[in-house]
Amino acid sequence: CHDGYTLVDKLKLSVQGEHSEEELVPILQRENASKACYERCLKNLRTHHYPSTLTMQMYMLFASHMNIGTPEILHFYQQMEAEAAAAPEFHGTNILWVHLLPYYQETLREYFNLSDNYQIQAIEMNLDYRTPLNTEHPLDALAEKMVQNIYNGPYERKAKLVSELAQNLHSDGVINFCHWGCKQSSGGVMLLKEELNRQNIPLLVLDGDGMDRRNSHDGQIRTRFEAFLEVLKQRKEEA
């Protein structure tokens, strides 16, 4: 850092008086265990049917970020893993979602909410740092988590993650929602398209407002979304 302090130094100052370094160890251990559960859950979602909603997918961010490391969230991920493992087989369309979910949008709610035919496997925001944390050096681990996060640094880091997730999850396609207020998402989407094209993974780019339903244009989204589903259906029939 420019002021002479390293990122680890600043983390130590931030936790001083709140948590000792030793107190962080069980928190990081629970975070590692939670993420491991989630990774196993995602493997099951290659072939299993785990109904969800747009709102539920967005609320996962509270688990993966704000409350990660708590006993309650570890239990949540353990339960999610068990439910996904016991879920029935899924023969519909699997989608990997990128960026925000317009939870209120009529067409997307119609297709995805508790659907038997279409499911969102994951949002890349819940997987922005997947490396297990080194619990022997918790502050260094947290500093590395911040520095190596896909949202810190070049967009290619995010594009690579999305590509790897889509391949590992056997996703039928990827949808990137470019929220009008987010320049990073809109500015980098062509890099994502190039990366996915190299892997022959279909991508749909939707533009809109992820927050304010007054700026929603359902007709345009429906037309493009349903055309994308037809492309995915044709690819499956030809496979």
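Modeller: A salt bridge here means a side-chain nitrogen of Lys or Arg within 4 Å of a carboxyl oxygen of Asp or Glu. Keep in mind that this is a predicted model. Take K158 and E124: their closest N and O atoms are 3.5 Å apart, so by that cut-off they form a salt bridge.

Colleague: Where do K158 and E124 lie?

Modeller: K158 is in helix 7 (residues 155-168), while E124 belongs to the loop between strand 2 and helix 6, so the pair ties together parts that are 34 residues apart in sequence.

Colleague: And are K158 and E124 buried or exposed?

Modeller: Buried, both of them.

Colleague: How many salt bridges does a search of the whole structure find?

Modeller: It turns up 10. One of them joins E31 to K145, with 2.7 Å between the closest N and O atoms. E31 sits in helix 2 (residues 21-44) and K145 in helix 6 (residues 138-147), so this bridge ties together parts 114 residues apart in sequence. Buried means under 20% relative accessible area, and E31, at 3%, counts as buried.

Colleague: What about E39 and R130?

Modeller: Those two also form a salt bridge, the closest N and O atoms being 2.9 Å apart. Here too distant parts of the chain get linked: E39 is in helix 2 and R130 in the loop between strand 2 (118-123) and helix 6, 91 residues apart. On accessibility, E39 is partly exposed at 22%, and R130 is partly exposed at 30%.

Colleague: Now the outside. Which residues form a nonpolar patch on the surface?

Modeller: Y59, F62 and M66 do, with about 370 Å² of accessible area together. Y59 is found in helix 3 (residues 54-66).

Colleague: Why does Y59 count as exposed?

Modeller: The cut-off for exposed is over 50%. Y59 has 52% relative accessibility, so it counts as exposed.

Methods:
Residues are numbered from 1 along each chain as its sequence is written. This is a predicted model: local features need pLDDT of at least 70, side-chain atom pairs count only at pLDDT 80 or more; totals for chains, interfaces and linings use all residues. Side-chain values use heavy atoms; hydrogens and water are left out. Patches are made of residues with over 30% relative accessible area and no salt bridge: like charges are joined within 9 Å, nonpolar side chains (Val, Leu, Ile, Met, Phe, Trp, Tyr) within 5 Å. Accessible areas come from the Shrake-Rupley method with a 1.4 Å probe; for residues, only the protein chains shown count as cover. Helices (H or I, at least four residues) and strands (E, at least two) are DSSP runs, numbered from the N terminus. Buried means under 20% relative accessible area, exposed over 50%, partly exposed in between (1.4 Å probe, protein chains only).
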